[in-house]
Amino acid sequence: MIKNKFEQIANEIQRMIHEGRYTDKLPSEVELAAMFRTTPNTAGKALNILRSRGAITRHTGAGSFVRHQEKQRVTISNSALFSREIVQILEAEFHDLEFIFGDYGTDADLFVWTTTLPFEYGEKILPLPEVLLQELRNCPDFYPEAFEVHTRNGVCFGVPYLISPIVLAYNKKIMRKLRPDFQPYEQSYEEFLELVKAANELPGIQGLDTSRFEVSALCPVLYRYSMEAKEMSAGVVRQSFREFERIACYAGEKGYSFENNNCLFAIAGRQTLKAFSNSDVVFDIAPYPVPGGGFASVIASETVFVNNQAKNPDILFKVCRKLLSPEAQQIIAEKKHGIPVDCRIALRSMNSGKYRDDIFFNEIRNCLYHHHYLDHRSQLELFLDTHKLCRAEMESGEVQAHLLNNLKIHRDYVEKYHRIQDRLKAGTLHQYLY
C-alpha cells in the first residue's frame, strides 16, 4: 500500500532520529518542507504523526523536539557469541530496547548457549509459542533439523541460529602414513578403531583428540545399540560404555592435541575448524562411523533461549526470530564457522577449498537428537545410573572424569525433567512453565 507523502516524511524523520542525526530540536516546518520538496502544511502533518507515535513533542512558539524515552533493558548472557554486527541489526530493528551484555548467568532475559546435550528447561526457559514454532518448522528456507535440537515431548525450547554435525577431522600427513588411499565414506567403525590404534603405535602420535566433544564419541554408539535392541536397557548401556572405552583409551593424554599436529583424529564441529585452520595442521573431514555400519552424528548448536522470568517475553521471542533473518544469518555465515539455519545462506557459505566441507552438510541428515533415544524418564535414569556398573572396568581415570562431568549434565536435566513429564500427564504444563 502506497503511503501518503506526509507518512513517508514521518518515517524518514523517525529513521534519522533512530540513527542519531536528530537528538534534540527538529527543523521547522518550513525547513522540513524545503528538505523534502513539499509544503509546510504537509511537513506539519508529518510532525503530528511523529507526535502521535510518541517520538517527538511539539511546543507552540518553541518548535518540535525529540522525545527521549527510557528503553527497556534486555540482558543477554554469554555475549561472546554475538558479534557487533549482529547487535547492530538488533538495535536497528528494536529501537525501544537496550541490549545489555554481561555475565548474568541464569538471571539474564536471554541465554545464548552452545550445546550438544539436553539440559534443564522447565525451571528457567520458556517454550516457543506454537505459532512461532510452526512458522519456523514450515519455512522452506530453514533446516527443519535445527528445531529438533531442543525439543522435548513436542515442546520446543530456544531458537538455534547456528548448527553443526559433530564429525571427525583427520590429519592428512599422518593418514598418508597409515592409509594413503583413505576414503571418508568408505570407512567402517572397525576400520576407524584400527586406524586409531595404529596411530597410537607411531612415535609421538595419539590416535584421537576428544578434548572438545568427548561425549559425542559415546552418544552415536549408545544410539546404535539402543536402536538395535529396540529399547534402552542396562545391557545396552553397559555395552555402549565398553565400546566407548575401546575408543577413549587412545585419547586424553597430556601434550597431545590435533592443533599440535600429533593426533590422527579429532572430534570436531564446523565451529572448531577456525582453530584448526589457524594451526599448521593439514586436515580434512570424515563422517563419524558407528557399530554395525553407517554414520551418525551428534548435533551442536548455538541457541538463544528466553528466561521464563523475563518481563516481556513476546518481544524477546521477536528478538530470537530476528536472528534468523537473512541479514543476521549472512553475518553469522561470515563471522562464524557453524552452519547458518537459513539453508540458502548456508550453502553459499560452503568452503570446498581446504577440506570436505560438504560432509558437514551431508551429515545433517544423520544427526541424532537425544529425545529420539533418551526420551523417557526411566531410560534417562538408566543411562545415568548404569555407568556405575562400568566404572570398575574402565582403565582411564581421565575418561572416568570426563564421563562423570558430562553425565552430571544429564542428571541435572533428569531431575527437572521429572516435573515436566508429571505435569504433561496432569495437563498442567502450561501453568508450570508460565
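This is a predicted model: local features need pLDDT of at least 70, side-chain atom pairs count only at pLDDT 80 or more; totals for chains, interfaces and linings use all residues.
Local features need pLDDT of at least 70 and side-chain atom pairs count only at pLDDT 80 or more, whereas totals for chains, interfaces and linings use all residues. Residues are numbered from 1 along each chain as its sequence is written, and side-chain values use heavy atoms, with hydrogens and water left out.

**Overall make-up**
- The chain comes to 18 helices and 15 strands, taken as DSSP runs numbered from the N terminus (helices H or I, at least four residues; strands E, at least two).
- Of the 434 residues in the chain, 53% are buried, that is, under 20% relative accessible area with a 1.4 Å probe, protein chains only.

**Nonpolar cores**
- The largest nonpolar core has 64 residues, and those with the most contacts inside it are Phe82, Leu110, Phe276 and Ile285; such a core is a set of buried Ala, Val, Leu, Ile, Met, Phe, Trp, Tyr and Cys residues joined through side-chain atoms within 4.5 Å.
- Helix α11 (residues 313-322) gives the largest share of this core, 5 residues.
- A second, separate core of 34 residues includes Tyr170, Tyr189, Leu264 and Ala300.

**Helices α1 and α3**
- Helix α1 (residues 5-18) packs against helix α3 (residues 40-52) at an angle of about 55°, with axes 8 Å apart; axes are lines fitted to C-alpha atoms over the stretch in contact, and angles run from 0 to 180 degrees between N-to-C directions.
- The contact (heavy atoms within 4.5 Å) involves residues including Phe6, Ile9 and Ile13 of α1 and Ala46, Leu47 and Leu50 of α3.

Terms used: Buried means under 20% relative accessible area, exposed over 50%, partly exposed in between (1.4 Å probe, protein chains only).
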